[in-house]
Amino acid sequence: MGGPHRAEPDDDGRPSSRRTAAPDTTGPFAAVFRDAVQRRGLSLDRVRERLAAQGIGVSLATLSYWQRGRSQPEQARSLRAVDALESILDLPTGALRSLIGPSRPRGRITSEGPGLDDSRQVFGERSHVELALGTDFAQFNNDLVALSIHETVRIDARRRCRAVAVKQVMRATRDGARHITVVHDEISAEHATVTPHFGRLGTVRRIPELRTVVAEMEFGRPLARDETALIAYTLEYGPEPAQCPHYERRMRTSPHEYLLHICFHPDALPTSCHRFFKERIDAPMRYERGIALDVSHAAHILLHKCPPGVHGMFWEWPR
């Protein structure tokens, strides 16, 4: 049973909801850290900013992994961050540090593929992706982790998304991975086509009622653990796609590199273009920044070790 709440201004002057009851500091480090962040009404990006204000640099990806138990703070700089977090989150001194377990073998965390909790953390409950995959959602590409993802999106003269070209390098987290499942939603599924360039196209399912296409890109043979594979394909949206105001990529892990390249037709240039980040599909934008078009009428973002969540760009058309 929760205690009373009171409105209290955050560092940026906005009110946040904060419990006055004593926090629960029993349980695993990840659970106590996660509950303390939620209790203070802070986003992980805000936590990162507060640490940075104290001269402590910790990435969003690292904070997200700590919160979900996929890694834990161990190095001296990370332990300094934990001490600062106790103050930021109004926890007693030592409440977090005392919960850190023994050191884990190197490579243990990064060798694990995403699980059901990772998927729902980004997609939410009963998303179109989960509805499209059905019972397979629980094992959605959980034998692979993405190392790099490159996407090029082409917008035509009528402001419509004509095609997206995807190139992705993955590593197998265990023996036997045979294919990667790719899901594209918010499209006219009945007319969309998938053309493979590297890898072999397997089963393709079009689900018009969900405006979703699910396709399997096969590697041609089972991969050994830690073996890498590259696939590339182009998704064409069909003869009459809808106007396109944004494009986003949902990530359940933290790839080494993500490149998003939006190419606009010279007869249909936006008035502005922005990159954004959300912690999950239905969450508000936590980060936004303007992106200038280059001489080829294109805009891009290049991210390294970006945190799990939703990364993308949106643009505004002339009226």
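Colleague: In which strand is Ala146 found?
Modeller: This is a predicted model, in which local features need pLDDT of at least 70 and side-chain atom pairs count only at pLDDT 80 or more, while totals for chains, interfaces and linings use all residues. Residues are numbered from 1 along each chain as its sequence is written, and side-chain values use heavy atoms, with hydrogens and water left out. Helices (H or I, at least four residues) and strands (E, at least two) are DSSP runs numbered from the N terminus, and the strand that holds Ala146 is E3.

Colleague: Is Ala146 buried or exposed?
Modeller: A residue is called buried under 20% relative accessible area, exposed over 50% and partly exposed in between, with a 1.4 Å probe and protein chains only. Ala146 has a relative accessible area of 17%, so Ala146 is buried.

Colleague: Which residues does Ala146 touch, not counting those up to four places away in sequence?
Modeller: A contact requires heavy atoms within 4.5 Å. With residues up to four places away in sequence left out, the contacts of Ala146 are Gln168, Val169, Met170, Thr253 and Pro255.

Colleague: Which residue in E14 stands opposite Cys263?
Modeller: Two strands pair if DSSP finds at least two bridges between them. Strand E3 (residues 144–155) pairs with strand E11 (residues 257–264) in the parallel sense over eight bridges, and Cys263 in E11 is the bridge partner of Arg154. E11 is in turn joined by seven bridges to strand E14 (residues 298–304), the two running antiparallel, and there the residue opposite Cys263 is Ala298.

Colleague: By how many degrees are neighbouring strands of the open sheet E5-E8-E7 turned against each other on average?
Modeller: The three strands of this open sheet are paired antiparallel, and E5 (177–185) and E7 (200–207) stand at its edges with a single partner strand each, so one side of each has no neighbour in the sheet.

Colleague: Which helices and which strand do the buried residues of H3 pack against?
Modeller: Eight of the nine residues of helix H3 (residues 60–68) are buried, so the helix is largely enclosed by the rest of the structure; among them are Leu60, Tyr65 and Trp66. After H3 comes Gly69, with a positive phi near 80°. The buried residues of H3 pack against helices H1 (29–40), H2 (44–53), H4 (76–88) and H5 (116–123), and against strand E12 (272–278).
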